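Please look over the sequence and the model below before reading on. The report is meant to be read beside them, moving from the overall fold to single residues.

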Amino acid sequence: MLPWKRLLRPLTALLLTAVVAVVPAATAHAAAPSSGWNDYSCKPSATHPRPVVLVHGTFANSTDNWLAFAPYLVDRGYCVFSLDYGQLPGVPLFNALGPIDKSAEQLQVFVDKVLAATVAAKADLVGHSQGGLMPRYYLKFLGGAAKVNTFVGIAPDNHGTTLDGLTNLLPYFPGAEDLLSAATPALADQIVGSAFLTKLNAGGDTVPGVHYTVIATKYDEVVTPYRSQFLTGSDVHNVLLQDLCPVDLSEHAAIGLLDRIAFHEAANALDPAHATPTNCASVFS
């Protein structure tokens, strides 16, 4: 691959940061309302006794990140809910940009709301990208471990990202890191070695009582190196998508937005008692 092509993807990610900083405040929120989920009259069944809370990724929102996966779970009898978090003042559409510890507080409030509505003792969480990282703060520091049974992270940046090494260039541009932290705190929090990640991962990746699953793809161009997504702990199931289906070419966005092989493996994690093998044929399940 030519050098400029290798730089194109991480440069695009940084370009999006700049775009978000100047999005006109007058732009209307255009996300379509969710269909089939966020139904607060839904009561979990004996088969699926816990509601599932979906946590979107950076630049996404509670609808667009889950247009495929939320109906996938609803069709299988789950009560499914999704939240918006990490909003910045004057920035519509693009969420998950505020400080990640503050976003975790929003998740805390939302989970309590879902548990109260469904009269369930615990919830399950599934997150994509930052949504597979942020809940770990809730579990570790905000009492979430007592309210969550299973946490599935799809392409999470659990130990940060180098953006194919591009973040290593930040020190050579005076003021760039400060600008990134001020304009989009969540992006700064997700860089390898950030103060947020140092605090989060100190003393171990996981907390007792929660079942963790991480689903990653080796073609991830946003969370690099991809193995930095994996967790270490006594109750962790780390999965590489290509070990399940070698011809699956999904990258960072596709694995969370439309990959039914990843969806099948996530569903197995939510209901291990009825799990079935995940393979290339899972696209038809």
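**Overall architecture**

The model is a predicted one, and its protein chain has ten helices and six strands. Of the 285 residues of the chain, 51% count as buried. Among the contacts in the chain with a separation of 6 or more, 75% are accounted for by residues 24 or more positions apart.

**The sheet**

The six strands form an open sheet, in which the order is E2-E1-E3-E4-E5-E6 and the pairing is parallel. Its edges are strand E2 (80–83) and strand E6 (236–240), each of which pairs on one side only, and from one strand to the next the twist averages 15 degrees. As background, the strands of a sheet pair through backbone hydrogen bonds, either parallel or antiparallel.

E3 in turn pairs with E4 in the parallel sense over five bridges, where Val126 has Val152 of E4 as its bridge partner.

How is E3 covered on its two faces? Six of the six residues of E3 are buried, and the strand is mostly covered. Ala123, Leu125 and Gly127 are buried on one side, while Asp124, Val126 and His128 are buried on the other, so that both faces are covered.

**Helices H4 and H10 against the sheet**

Helix H4 lies across E1, strand E3 (123–128), strand E4 (148–154) and strand E5 (211–216), and it runs at about 155 degrees to E4. Helix H10 (residues 260–270) lies across E1, E3, E4, E5 and E6, running at about 165 degrees to E4.

Because ten of the eleven residues of H10 are buried, this helix is largely enclosed by the rest of the structure. The buried residues of H10 are Ile261, Ala262, Phe263, His264, Glu265, Ala266, Ala267, Asn268, Ala269 and Leu270. At the start of H10, a side-chain oxygen of Asp259 reaches to within 2.9 Å of the backbone nitrogen of Ile261.

**The crossing of H3 and H4**

The axes of helix H3 (residues 100–118) and helix H4 (residues 134–141) come within 8 Å of each other and cross at roughly 70 degrees; the two helices are therefore roughly perpendicular to each other. On the H3 side the contact is made by Ile100, Asp101, Ser103, Ala104, Leu107, Gln108 and Val111, and on the H4 side by Met134, Pro135, Tyr137 and Tyr138. By class, the residues in this contact are eight nonpolar, two polar and one charged.

Which residues does Ala117 contact, leaving aside its neighbours within four places in sequence? Ala117, which lies in helix H3, is in contact with Tyr40 and Lys43 when those neighbours are set aside. Ala117 and Lys43 are 74 residues apart in sequence, and their C-alpha atoms are 8.2 Å apart in space. With a relative accessibility of 21%, Ala117 counts as partly exposed.

**Backbone features in the loops**

Most residues other than glycine have a negative phi, and most peptide bonds are trans. Val119, in the loop between H3 and E3, has a positive phi near 55 degrees, whereas its relative accessibility of 68% makes Val119 count as exposed. Finally, a cis peptide bond with omega of about -10 degrees joins Thr224 and Pro225, and Pro225 lies in the loop between E5 and E6.

Conventions:
Residues numbered from 1 in each chain as written. Predicted model: local features only at pLDDT ≥ 70, side-chain atom pairs only at ≥ 80, totals over all residues. Heavy atoms only, no water. Axes fitted to C-alpha atoms, helices over the stretch in contact; angles between N-to-C directions. Helix = DSSP H or I, 4+ residues; strand = E, 2+ residues; numbered from the N terminus. Parallel < 35°, antiparallel > 145°, perpendicular 65-115°, else oblique. Contact = heavy atoms within 4.5 Å. Nonpolar A, V, L, I, M, F, W, Y, C, P; charged D, E, K, R; others polar. Pairing = 2+ DSSP bridges. Buried < 20%, exposed > 50% of the residue type's maximum accessible area, 1.4 Å probe, protein only. Polar contact = N/O pair within 3.5 Å; in protein donor to acceptor, adjacent residues only side chain to side chain.
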